[in-house]
Amino acid sequence: MPRISAIPGGIKGPGGVGGGHLLTQELMRSTAQIPGLPQTLLAILESLSCKEYGDLKPADVANSELVLNLIQVISGDYDPPSNNHLACSQRVSKLRLLSAALGMVLPDLKSKQTPLLLDMMCSILRLAARKDSAVKLEEQLAILQVLQLFVTKCGHVVEDKLGEILGYLAVLIGLHKQVDGLSLVPTNLPHLQFNQRESDTVRRESSCSDTTGSDYSDQEMVGGDSVGGQRRRREEYVVEKQAVQVVATIVKKCRKKPVVSYWFIFLPDKCFCPLQTGITELIRHPSKKLRITACHIITDFLAHTTQFLALAQHQDKDTSYTSLSTALSQALTKLHHILFAKIKDQLNNTEYVAILKLFCALCENCTYSRLSPGLIETMVEALMTLSETQRNPVIQVATLSVFVSLGEGPSLENMKPVTKDLFSFILPRCFPVPQNQVADNNVRYMALQGLSVLTQIDIMMFVRKATEVKRLIDTGLVDADPSVVLHTFRFIKNFAKYLTVEVTKPSESASRLRNLTVAFWVDFLKPGNFEMLERLTNPNIRSAFADCLAEIGPELYTELPDKKRIVCITYILGQCKNLLDSEETNPEIILQDRAALSASLRALGIFIMFPCYLTDTTFHMDVTEALLPNLPLVKDKKTKSNPDSGSKTVRVSGSWALANLTDILVQSKQQMEITGEYDEFPIGLVKKILNTAIFYALDANSAITTKSNVVRCIGNMLNYITPDYLSPDEYSDLMERGARALITNITTGKSMKVRWNACYASSNLLKKSDITEDMGKWVLDLINSLSSLVLNFQNFKVRINAAVALGAVRTRSAISSVLFNVLESLVVGLESSQNLEVFGEYQHQSNLVQQLCLTLSHLITFITDREFTRLKDVLYGNWDIVETSFMSAARNIPPNKFTPILEAHRHISAFSPRNEEESSIQALFQSCVDNTR
């Protein structure tokens, strides 16, 4: 029988979008020779075949209705199909032509043709699954290839028939005996959300690209049968492989949620799955290639399913009813044990790696605390045993990657029982191998990543092994391989991070641990490391070094010797300037330099927040002068050869550091006003910061994170400036331009993050005591933009920050003419806060209600006795909501935030109520005060 490779139109592997048969003149003319074709189809073929292949456009094929006519003709051919070989050959030719035409027009197939095409494919697959003798091998392969092409280009379209298609494929693969009576019912997953990223298909080529059958043993292929039996088995195997490839494509190309709803096909389940066996059974298949493909399918299925797999729940007792949680737990546990048994077999490296990648997917997505007890311990022991018996570096790297995935998944805490064993296993692999062994530093890279993961679980184990850890660091930093140096720095970053966290915890050994940690940093900042940075030109190493410095922490930093602190800051400031002035022209090196610059800017943004620099104006000036050149008042230039110069990352980090600086400038000013020791920050730098922030806030090309950062800068600096050091016109101009930039981002921000940051920044502006309506139209425009958000904006976090900004107004003069409009907006906002149509906003509802009540209370203190009646009209417009919201908020608002309600209570208690409604308002605030916790 012919092989797949002999059939034109074959899709080459799971990503074979362009591997289908070409729509050539020869193909169309040969198909047109088939007797009995409708005149309409013949006319279409004649018209299209007159054009050369290069001149034939997708629009020509789409407008010709070729696909529709082929669907109709092929559907008729199979209703019912003729059993003679000539008819079979003719049907195959039509399917090849359909495949070629679809390759031209997909994914833009006309909507009326899609259901007809799906129905046609399903009807032929049904005949194939029923083992209809009229549907020959070539036809089965051809329709499977058409289906694979369709799923590749239009994965979401097949979801309505996904259960039916998977059922047919399961029978063709041999997972079930017969299609009649088979019904795959999807599991209902209403509240789960999945990332819609495609699986990584670049990392490997198709496992089923050829169909020689050579991966079978002779015994398996012959099986004691006659030549006819052997031939039949080969045919079944060819179909199996192609059907498995279609399943692989479905898993990659269809949306995650519909695929996961058929989880029981991909995991070993007997409770929900009507099939006799599932995809996991293919891991034991006689064909090596099918085994590897099965591993790949399950790996891709498991990707990004953390939320779904968290539904699993181990249950010790057997019950008459098996819930989804229990079935899922049992299936995952069984899959682990299937893999444990498989890695005990003697396999080649490719298959070991496929299984270990599957382990990685399990570790990244399973919550092991909800699975069978001891599963992690068993897995770690099995993989360490495998690694000891299979010394090939590829296996070593793959095994270590499983342990890294386990630490990066949702089960980090469950690794504690095996941490000591893992440390003993991983540490030796971080060092160079003896000279008589083949060196592969990939093992060292992955081992260093593995140790980094373990620092999160038990940092004190590393402290107890300080001698070995120091030897590891010293060895790694002087290694001739720059990548080993890089991974060593990344290990140091994690080690330092969790060591700093441990130092800040109160304990009996805190003093000794602090001294040890300070000694570590003193040693780390030794001249030899800085000399090494000068010697190695690798920007990634400089980036990793800056990341390490950022983990020192404020408490330990103050305990370092002055000389070490000066060295540290001098290096970071120098990197911000030197990397900016680089004359490098290689685009790849430029990107790496920008990454190193970005890391230095992040580190500087952390250092500026250290308390020891709070009132150090000279340092503030140095930081400003280091940051501003990295935020030039020009738009980023991109070219075709260099579409991303790395400036975006630099500007994100630079703007974040600048925002931190402005936070500190505001705090520093407040601190100096208390102490009376005032060292004025240059007003020229203040204006530069504001102009830079306004530029990026209004730049349509600014990244979302950059905009979020610069609006923080604007709010801080508008709060910081005073008329004392600026001319009236200059002060007025800066205030208006800054406020207008905030209004723009409040009303038209590209993301919710930008909007809520702009709202929060507005609160810093509005809390200034000199803000009045007379300062310009921008004051009321800002108030109105915030009021419109609290009404019914869909994102509750934005509304919370808008309410915070309105509640920051210091005096009535800033809001007098619109005071009652704002009060009405806040009351309506309380009513609309009950709307939870937007998924995910429930968690913020309580905070929104509390903040609306606090802002209402604050603004109520601005009204006079004569306006009490008008306030009553506003509140009684939605009195039930107001009363319920205030009583609920009073019970939940922390004491340190309760002041606005207390002030409102004192304020209106002094009024003389004119009617029962006004008395009720006073009683409501009295109840709130009485019921506060």
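1. Buried here means under 20% relative accessible area. The model is predicted. By that cut-off, the buried residues of helix H28 are Lys 564, Arg 565, Cys 568, Ile 569, Tyr 571, Ile 572, Leu 573, Gly 574, Gln 575 and Cys 576.

2. H28 runs over residues 562-578 and spans 24 Å from its first C-alpha to its last, close to the 24 Å expected for its 17 residues. Its buried residues are covered by, among others, helices H24 (510-524), H25 (527-535), H26 (539-549), H27 (554-559), H29 (587-607) and H30 (617-627).

3. Helices H33 (residues 704-720) and H34 (residues 728-748) have axes that come within 10 Å and cross at roughly 145°; the crossing is left-handed. From H33, Lys 707, Val 711, Ile 714 and Leu 718 make the contact, and their partners in H34 include Leu 734, Met 735, Gly 738 and Asn 745. By class, this contact has eight nonpolar, two polar and one charged residues.

4. The largest nonpolar core has 314 residues, and Phe 359 and Phe 489 have the most contacts inside it. Leaving aside residues up to four places away in sequence, Phe 359 touches His 336, Leu 339, Phe 340, Ile 343, Met 379, Leu 383 and Val 402.

5. Two cis peptide bonds deserve a look. One runs from Asp 79 to Pro 80, with omega near -10°, and Pro 80 sits in the loop between H4 (66-77) and H5 (85-105). Another joins Leu 106 and Pro 107, with omega about 5°; Pro 107 is in the loop between H5 and H6 (113-129).

6. Lys 131, not a glycine, has a positive phi of about 60°. Lys 131 lies in the loop between H6 and H7 (137-154) and counts as exposed because its relative accessibility is 53%, where exposed means over 50%.

How values were computed
Residues numbered from 1 in each chain as written. Predicted model: local features only at pLDDT ≥ 70, side-chain atom pairs only at ≥ 80, totals over all residues. Heavy atoms only, no water. Helix = DSSP H or I, 4+ residues; strand = E, 2+ residues; numbered from the N terminus. Expected span 1.5 Å × (residues − 1). Buried < 20%, exposed > 50% of the residue type's maximum accessible area, 1.4 Å probe, protein only. Contact = heavy atoms within 4.5 Å. Axes fitted to C-alpha atoms, helices over the stretch in contact; angles between N-to-C directions. Left-handed = near helix turned anticlockwise from the far one by under 90°. Nonpolar A, V, L, I, M, F, W, Y, C, P; charged D, E, K, R; others polar. Core = buried A, V, L, I, M, F, W, Y, C linked by side-chain atoms within 4.5 Å.
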